[in-house]
Amino acid sequence: MTETFHEFVVHRTPALSRTAYLLTGDHQLAEDLLQSALARTYRHWRRIRDGDPEAYVRRVMYHQQVSWWRRRRLTERLEAQPTERPGDDHSEATALRLSLVNALRGLTPRQRAVIVLRFYEDLTEAQAAAVLGCSVGTVKRHGHDAIRRLRATALDLVDPTVERSQQ
């Protein structure tokens, strides 16, 4: 049992880590979220290993993150971590990434979860609703509100060549 779980963790941790970071907006909190989700997954590994264990871990992460948001309303300051080599000029990409992070930080927990599920995980509204344990209408409402808030607060992320009526 532990060998198959170990293989799963080794192969899927990078993708799961990215999702955890998008949900938390903080590297340390993302690590905590993923570790906690993997610990919960390990307890049920015999039951879920033949199904889709990655979907199970992601669902645990989404639910746990929403639960953490409810229990303690943390307002952690997200600091940019340099990933570029010294000497390279990535100022535009860094500015864009920081704008996106700041815009995502301004969303409610549910709005952020819907944005991650719909646009990063590329899930349908029905799939996102199943993961979050809510109705499709709730996913649509949170998605609509999140997009509206992002457009209002992150003007530097909106492509000026796109007509306003298309947005």
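A residue is called buried when its relative accessible area is under 20%, exposed when it is over 50%, and partly exposed in between (1.4 Å probe, protein chains only). By this rule Q111 is buried, because its relative accessibility is 7%. The model is predicted, so local features need pLDDT of at least 70 and side-chain atom pairs count only at pLDDT 80 or more, while totals for chains, interfaces and linings use all residues. Residues are numbered from 1 along each chain as its sequence is written, and side-chain values use heavy atoms, with hydrogens and water left out.

Helices here are DSSP runs (H or I, at least four residues; strands are E, at least two), numbered from the N terminus. Helix α1 has 23 residues, yet its end C-alpha atoms are only 28 Å apart, short of the 33 Å that a straight helix would reach; the expected span is 1.5 Å times one less than the number of residues. A kink of about 55° is found in α1 at R12, shortly before the proline P14. Such a bend is the angle between axes fitted to the seven residues ending at a position and the seven starting there. After α1 comes G25, with a positive phi near 80°. The buried residues of α1 include F5, F8, L16 and L23.

Two of these residues bring us to the aromatic rings. Rings of Phe, Tyr and Trp (its six-membered ring) pair if their centres lie within 6.5 Å; planes under 30 degrees apart count as stacked, over 60 as edge-to-face and the rest as tilted. Three aromatic pairs occur in the structure. In one, the ring centres of F5 and W45 are 5.1 Å apart and the planes meet at 75°, so the pair is edge-to-face. Because F5 lies in helix α1 and W45 in helix α3, this pair ties together parts that are 40 residues apart in sequence. Both F5 and W45 are buried. The rings of F8 and W45 have centres 5.4 Å apart and planes at 40°, so they form a tilted pair. This pair, too, links distant parts of the chain, with F8 in α1 and W45 in α3, 37 residues apart. Ring pairs join F5, F8, Y42 and W45 into a cluster.

F8 has other partners as well. Contact means heavy atoms within 4.5 Å. Beyond its neighbours within four places in sequence, F8 is in contact with residues including L38, W45, P53 and V57. F8 and P53 are 45 residues apart in sequence, while their C-alpha atoms are 8.3 Å apart in space.

The nonpolar core comes next. A nonpolar core is a set of buried Ala, Val, Leu, Ile, Met, Phe, Trp, Tyr and Cys residues joined through side-chain atoms within 4.5 Å. The largest has 27 residues, of which L23, L34, V57, M61, Y62 and L117 touch the most other members. Helices α1, α2, α3, α4, α6 and α7 each supply at least two of its residues. A second, separate core of seven residues includes L104, I115, A146 and L150.

Q65, in helix α4, is buried at a relative accessible area of 5%. Leaving aside neighbours within four places in sequence, Q65 is in contact with L23, T24 and L33. Q111 is found in helix α6, and its side chain reaches the backbone nitrogen of T108 at 3.1 Å. With neighbours within four places again left aside, Q111 is in contact with H142, D145, A146 and R149.

Terms used. A polar contact is a pair of N or O atoms within 3.5 Å; within protein, one must be able to donate a hydrogen and the other to accept it, and residues adjacent in sequence count only if both atoms are side-chain atoms.
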